[in-house]
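Hi,

Here is the model I said I would pass on.

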Amino acid sequence: MSEQAVTVEAFHHHDEEGTRLGFWLFLFTELLLFGAFFIVYGVYRSAHLNDFKIAAESLNTGIGTTNTIILLASSLTMVLSLNAMKAGRVKLAKSMLLITMGLGTTFLIIKGFEWNAKFAHHLFLQTSAAIAEGKGSPLLTPGPEMLPDGQVLFYGLYFIMTGTHALHIIIGAVWMGIVYFWISKGSINPDNAGVLERCGLYWHLVDVIWIFLFPLYYLVA
Amino acid sequence: MNTKEQSFSPRGSIIVFSALIFLTIATVLLSGLDIGNAGALIIAMSVAAVKAGLVLYFFMHLNHEPLIFKLFVALAIITLATLFLLTFSDYAFRGIA
């Protein structure tokens, strides 16, 4: 083999394992992002234990449990999609991916209803500009109706943490749509399923984060 | 990973999924018990840790990855745990001295 041929081969070499390890490194940064949220939650919870419990009572455990089961089911269908792809059953892999997207969307719709119920009770995230214009919620703005500090903190953290998580669900679902398109085109196939695998890893991590969000907001009231 | 000869076998994943659902229902039922704040938090977080472990190990295929992957994940978790430990030990002792 000539030296040039060796170089060309080296250039086209694709290290699937290295790519996967690199993707795990990215997932660790996600872990740190949510880890910081969890630290803030932990510190404020210990400082305002009773207020956190009172505010958490207002969250619906049934809705939280339903969403947890939906997300776990979506993790199962995601694994099955990759299994099917690696077994050469492309059609099954596509169906499983579509179901996963559907379950992710269902999660978001339920989350949307849940947030809406909170908005109806004048609980939402407000900017300092909105407060300055007098558009803030009386429950969250200094005044006679304002909730205790701990409850204001709880709802703020609830919207920020479930919101950041929901953003990840949206990114995951959009990514699945792109992967679905690439499978249809044939560029993702049983011999080249790395993108589907990494999309799955991302989706499972989003599930892992929800596994911790769920008890902290819906169970330890 | 050699992928060609692999056959589609959903059994293992369905068993893991069933365990996850069981743990979810268990943790919801256990949260109804009146065992005080610390106890409830420890139980809820322990169940969550087991569930997360199942997802990481089986769904994220750490069971099929080489040792270096497992070491990396362990290191990431230890780093996060250290951050938690340092922050909370700081807050726990504020206002005492």
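How far apart should the ends of helix α3 (residues 67-92) of chain B be, at 1.5 Å a residue? The 26 residues should span 38 Å, and the end C-alpha atoms are 37 Å apart, which agrees. (The expected span is 1.5 Å times one less than the number of residues; helices are DSSP runs of H or I, at least four residues, and strands are runs of E, at least two, numbered from the N terminus.)

Before the rest, some housekeeping. This is a predicted model, where local features need pLDDT of at least 70 and side-chain atom pairs count only at pLDDT 80 or more, while totals for chains, interfaces and linings use all residues. Residues are numbered from 1 along each chain as written, chains are lettered from A and ligands numbered from 1 in the order written, and side-chain values use heavy atoms, leaving out hydrogens and water.

Back to α3(B): its buried residues are F69(B), V73(B), A76(B) and L80(B). Buried here is under 20% relative accessible area, exposed is over 50% and partly exposed is in between, with a 1.4 Å probe and protein chains only.

Next, the aromatics. The whole structure has 21 aromatic pairs over all chains (ring centres of Phe, Tyr and the six-membered ring of Trp within 6.5 Å; planes under 30 degrees apart are stacked, over 60 edge-to-face, the rest tilted). One of them is W115(A) with F159(A), edge-to-face at 5.0 Å centre to centre and 90° between the planes. This pair links distant parts of the chain, 44 residues apart: W115(A) is in α5 (residues 90-120) and F159(A) in α7 (residues 149-185), both of chain A. F159(A) counts as buried because its relative accessibility is 3%. W210(A) and Y218(A) make a tilted pair, 6.1 Å centre to centre with 50° between the planes. W210(A), at 0% relative accessibility, counts as buried, and so does Y218(A) at 3%.

There are charges over rings too (NZ of Lys or CZ of Arg within 6 Å of the ring centre and within 35 degrees of the ring normal). K94(A) lies over the face of Y180(A), 5.0 Å from the ring centre. In chain B, the charged end of R94(B) sits over the ring of Y91(B), 4.3 Å from its centre.

Cheers
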